Amino acid sequence: MSNLGRTDLRRRGGGEIRMAGLLPHQPPPCIAPAAMADALPRPQVPIVLVGLMGVGKSTVGRRLAERLGLPFVDSDEEIERAAVHTIPEIFDRFGEASFRDGERRVLRRLIEGGPRVIATGGGAFMDAETRALILERCIAVWLEADLMTLAARVALRGGRPLLTGRDPLPFLRELAESRGPFYAEAHLRVLSDSGPQERTVDRIVAALAERAR
Ligand code: S3P
């Protein structure tokens, strides 16, 4: 297995998307997931989780970081810390454009901080500058779930200003359509279904191991 250095990353780049967990006919990995994480060389670049709200980026990211022995950061939490306001307050008082500016700056700082697992907010990867930076310097993992799973998960936690006054299901469908082509630029694509989140972590580890081969 090779290390995932930056040069290697660029060489391996080029828009190829590998799917993990999306193809039912694929045989399960024959190495036990925990052993696979041990066998995986420690990533040399940040692993960045992208995908729609409710897909589980923060929960999965935290567990993935533990598995890989890397620090974990949540970009929404970092934005709130930097702004000393919650996300709904930032949207309310300063507007979405201001939130997006902060998001871009915070993500650059997090990416420049070295290898770690970063959970991004659902809209972060829509920003051309952020997306280019992530694709150049990180491994981007698109976490995908079906709309019903997303709708069920967003109902569990508030604090998402884009959902205020909206019916979640049609709005999530719209977002999935408009954002899907951007998420599809991620290096890896992994299913995050309604099953245990550890299974999603297993799939990411397997996809990273495959990429590192
Ligand atoms: C947003 C998603 C949120 C948060 C903000 C905007 C979006 O993060 O960044 O409310 O544009 O989809 P989560 O994806 O963690 O909910």
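An oxygen atom of the ligand sits 2.8 Å from an N or O atom in the side chain of Lys57, a polar contact (a pair of N or O atoms within 3.5 Å). The model is predicted: local features need pLDDT of at least 70, side-chain atom pairs count only at pLDDT 80 or more, and totals for chains, interfaces and linings use all residues. Residues are numbered from 1 along each chain as its sequence is written, and side-chain values use heavy atoms, with hydrogens and water left out.

**Ligand surroundings**

- Around the ligand there are 14 residues, each with a heavy atom within 4 Å of it.
- Lys57, Asp76, Arg100, Arg160 and Arg179 come nearest.
- This shell has 5 nonpolar, 3 polar and 6 charged residues; Ala, Val, Leu, Ile, Met, Phe, Trp, Tyr, Cys and Pro count as nonpolar, Asp, Glu, Lys and Arg as charged, and the others, Gly among them, as polar.
- Arg100 has a polar side-chain atom 2.7 Å from a ligand oxygen atom, and Arg179 has a polar side-chain atom 2.7 Å from a ligand oxygen atom.
- The ligand taken alone exposes 390 Å², of which the protein buries 96%; accessible areas come from the Shrake-Rupley method with a 1.4 Å probe.

**Helices H6 and H7**

- H6 (residues 96-112) and H7 (residues 128-137) pack at about 10 degrees, with axes 10 Å apart; axes are lines fitted to C-alpha atoms over the stretch in contact, and angles run from 0 to 180 degrees between N-to-C directions.
- The two helices, H6 and H7, are therefore roughly parallel (angles under 35 degrees).
- Arg104, Leu107, Arg108, Ile111 and Glu112 of H6 meet Glu129, Thr130, Leu133, Ile134 and Arg137 of H7; contact means heavy atoms within 4.5 Å.
- By class, this contact of H6 with H7 has 4 nonpolar, 1 polar and 5 charged residues.

**Arg42**

- Arg42 lies in the loop between helix H2 (33-39) and strand S2 (47-50); helices (H or I, at least four residues) and strands (E, at least two) are DSSP runs, numbered from the N terminus.
- Apart from neighbours within four places in sequence, Arg42 is in contact with Leu68, Gly69 and Leu70.
- The Arg42 side chain reaches the backbone oxygen of Gly69 at 2.8 Å.

Definitions and conventions: A polar contact is a pair of N or O atoms within 3.5 Å; within protein, one must be able to donate a hydrogen and the other to accept it, and residues adjacent in sequence count only if both atoms are side-chain atoms. Angles under 35 degrees count as roughly parallel, over 145 as roughly antiparallel, 65 to 115 as roughly perpendicular and the rest as oblique.
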